[in-house]
Structure formats: C-alpha cells, structure tokens
Amino acid sequence: MNADRVYPNSKPTTMNPTVNGNATTTTTPLFPAPKSQQYGASRPAYRPQPKRRSRSRCCCCFLWSTMIIIALILLAAMAGGVMYVLYRPHRPTFTLTTLRISQFNVTTNSKDSTNHLASKLDLAISSRNPNKRITFTYDPISVTVKSNDVNVGVGSFPSYVHGTKNTTVLKATLANNGDSIEESSVTKLKSDTKKKTGLPLEIEMETKVKVKIGGMKTSRIGIRVSCIGIHAVITTTTTKGKNSTTTATTSTLSGSSKPQCKVNLRIKIWKWTF
C-alpha cells in the first residue's frame, strides 16, 4: 500500500482565526523583507555629478600649455644659435685714453665748518666696436669719476652711432662745483694725494644702446661701464707774483695704474635693476 506523499506548500501559511465570530486573515511576513518594504526604498537614489570631464580638460590645457612653452624655448634657443653662428656678436670695449686733473681743492667753510671739494678734469675714453655686422646706437652717456665713494667729477658724453669695426674717442670735461663732503673723506683724500701711487679713481658710465643686427633692431638696452685700477698723481704748483698768487694743478697717471673697463648689461625687472 502506497502512502501519499506530502509536498510543502511554497506559499506562506495563512491562518484564519475567529475574532468575535468574524474571520480575519493573517499573513506571515517574509524575511528578509523585499526592497519595496525597506525604509526609504521609495526615495530616488543619490547620484553625484561626475567631475571627470572638468579634471580631464584642466589636465589637457596644462599639458598643451607646457608643450607650447617648451616649443617656444626651443625655437628661441635655435634662433639664438643661428644668430651667433652667422654674426658672432661681441660686446663693445672701452679703454681709458686720457685723464688730466686741472683743479683739485678741498676747502673748509669757517661759518659752519663744512668741507667742500672743487675739482675739474678732462677725460678721454676710446670706444671700439669689434663686430663686422653689428651696429650700436648710444644715447647720451652719463659719466661719474669717484675716489673712495666721493664724486670727483660729473659730466656726460654725447650720443653717437658706433659703426662696424670702428673706434671712436669720446671726450668730456667733468667737474665738481663745491659739493660738501664728510671730514673722514677729507682726511682720506689728503692722505691719498700725498702717496706715490696717487689718488685712486674709478669711472662709471651709464647709458642705453640700440643694437642693429642685419635688418633687425632691438629695443634700448641699459649698459654700465666700470673702469677700475686708475691712480692719478696730483701736483700743485704755486707761483707768487707781485700782486697775486697763482696755483696750478696737474696730474699724470701713475706707473701702478692698470685701467680695466668692464661692460655689464642692466636688466630692469619691475622695481629692481640688475
């Protein structure tokens, strides 16, 4: 005799208890609960806005900018190399030719005990352009002669055009018309004038120059020329006459003088000059 097989029902068990004669239907809750019954299942899911596109655009812009800058630097370097090979540029040179002091007097004012220097000197500088294809156009050149930071003479050279393979001699008369100086400077000047090596001097020249290379012209470039290693022996001669006394001052470059002039570019960036 075959027993009947009992198959479990897949549907949830339903109970029909009777309350006050009325039958109610109770359904056993499912576990785990479906997503539709979970808290907040009816709310839309939060989806943050993607930012990958903006970041990728920034990276692309930065990459392209870097590549363009590198390309410009390479092109400038190549152009500079070609210009150097074709024209072989050299800086102009300056050489001290003549320096004669015709007046050099240090006086003291009896009223306020201030010291004053009155001086006058003649200066000649030889300027040479060693280039074959480069021309220099100079603005007026300011000239200052100093001795231990004391201005001995101030003047200027006129503007001029310096042609290729050309040497130009610049001449000017410089003077100091009684500027006041400190007592320590007076003592130093007097002691230096008595030395055999003479009075140490330094020449400073400043100007702006345009450079013409072939058919190309540059804007004005500031330059500074410094000449050091100069020593002048000052001789004062006093001649007494019947009605007056004459004092003459002459100077010569001492044997220890080894003038050297150096040309430096002056580059101005905002408030600073190099």
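**Reading cysteines, folds and a loop**

Modeller: Let's begin with Cys 60: its relative accessibility is 43%, so Cys 60 counts as partly exposed. Buried means under 20% relative accessible area, exposed means over 50%, and partly exposed is in between, using a 1.4 Å probe and protein chains only. This is a predicted model, where local features need pLDDT of at least 70, side-chain atom pairs count only at pLDDT 80 or more, and totals for chains, interfaces and linings use all residues. Residues are numbered from 1 along each chain as its sequence is written, and side-chain values use heavy atoms, with hydrogens and water left out.

Biologist: Is Cys 61 buried or exposed?

Modeller: Cys 61 has 51% relative accessibility, so Cys 61 counts as exposed. For the chain of 274 residues, 24% count as buried.

Biologist: How many disulfides are there?

Modeller: A disulfide is a pair of cysteine sulfur atoms within 2.5 Å. That rule gives a count of 1 disulfide. The partners are Cys 227 and Cys 261, with sulfur atoms 2.0 Å apart. Cys 227 sits in strand β14 (residues 221-240) and Cys 261 in strand β16 (residues 260-266), so the pair ties together parts that are 34 residues apart in sequence. As for Cys 60, it is in no disulfide; the nearest cysteine sulfur belongs to Cys 59, 6.9 Å away.

Biologist: Which hand does the disulfide of Cys 227 and Cys 261 have?

Modeller: Look at the torsion about the S-S bond: for Cys 227 and Cys 261 the value is about 110°, so the disulfide is right-handed. Cys 227 counts as buried because its relative accessibility is 0%, while Cys 261, at 24%, counts as partly exposed.

Biologist: How many helices and strands does the chain have?

Modeller: Helices (H or I, at least four residues) and strands (E, at least two) are DSSP runs, numbered from the N terminus. The chain has 2 helices and 18 strands.

Biologist: Where does Lys 132 lie?

Modeller: You will find Lys 132 in the loop between β6 (115-129) and β7 (134-138). With a relative accessible area of 66%, Lys 132 is exposed.

Biologist: Which residues does Lys 132 touch?

Modeller: Contact means heavy atoms within 4.5 Å. Leaving out residues up to four places away in sequence, Lys 132 touches Thr 164 and Lys 165. Lys 132 and Asn 166 are 34 residues apart in sequence and 9.3 Å apart in space, C-alpha to C-alpha. Across the chain, among contacts between residues at least 6 apart in sequence, 65% join residues at least 24 apart.
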